[in-house]
Amino acid sequence: FLRREQVLQLYRKILRAIRDVPAEADRRYLKDWAREEFRRNKDATEEDAIRMMITQGNMQLQELQRTLKLAKS
């Protein structure tokens, strides 16, 4: 149950970050990519695998945020 909450929080953060992408086509691509990644892994049950995916997702989110910050400056 706690992992589910972490996953949902990560998904929301990623979608919020994608809103800041300036190009509509890029936004759509990233949104579809995120949706597909989460959908593909929704049946994962192994704790270690889920923890690893959450860590990987957070790293990708940070990279997206860094890229967006650089693009604005």
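What follows is a short chat about a predicted model of a protein.

Me: How many helices and strands are there in the protein?
Reply: This predicted model has three helices and zero strands, and from the N terminus on the elements run α-α-α.

Me: And what box do the C-alpha atoms fill?
Reply: Taken along the principal axes, the box is roughly 40 × 20 × 15 Å, and of the 73 residues in the protein 16% count as buried.

Me: How do α1 and α2 run, roughly parallel or roughly antiparallel?
Reply: The axes of α1 (residues 2–19) and α2 (residues 24–40) come within 9 Å and cross at roughly 170°; since angles over 145 degrees count as roughly antiparallel, the two helices are therefore roughly antiparallel to each other.

Me: Which residues meet there?
Reply: From α1 they are Val 7, Leu 10, Tyr 11, Ile 14, Leu 15, Ile 18 and Arg 19, and these meet Arg 27, Leu 30, Lys 31, Ala 34, Arg 35 and Phe 38 of α2. By class, this contact has nine nonpolar, no polar and four charged residues.

Me: Switching to pockets, how much space lies in the largest one?
Reply: The largest pocket holds about 560 Å³ of space, and of the 19 residues that line it, the closest to its centre are Val 7, Glu 37, Phe 38, Asn 41 and Met 53.

Me: Which element gives the largest share of that lining?
Reply: That is α1, with seven residues, while the elements that give two or more residues to the lining are α1, α2 and α3 (47–72).

Me: What is the lining like by class?
Reply: The lining of the largest pocket has 11 nonpolar, four polar and four charged residues.

Notes. Residues numbered from 1 in each chain as written. Predicted model: local features only at pLDDT ≥ 70, side-chain atom pairs only at ≥ 80, totals over all residues. Heavy atoms only, no water. Axes fitted to C-alpha atoms, helices over the stretch in contact; angles between N-to-C directions. Helix = DSSP H or I, 4+ residues; strand = E, 2+ residues; numbered from the N terminus. Parallel < 35°, antiparallel > 145°, perpendicular 65-115°, else oblique. Contact = heavy atoms within 4.5 Å. Nonpolar A, V, L, I, M, F, W, Y, C, P; charged D, E, K, R; others polar. 1 Å grid on protein atoms, 1.4 Å probe; cavity = no way out; pocket = protein on both sides within 12 Å on 5 of 7 lines; lining within 4 Å. Points joined across faces, edges and corners; volume = space filled by probe spheres on them. Buried < 20%, exposed > 50% of the residue type's maximum accessible area, 1.4 Å probe, protein only.
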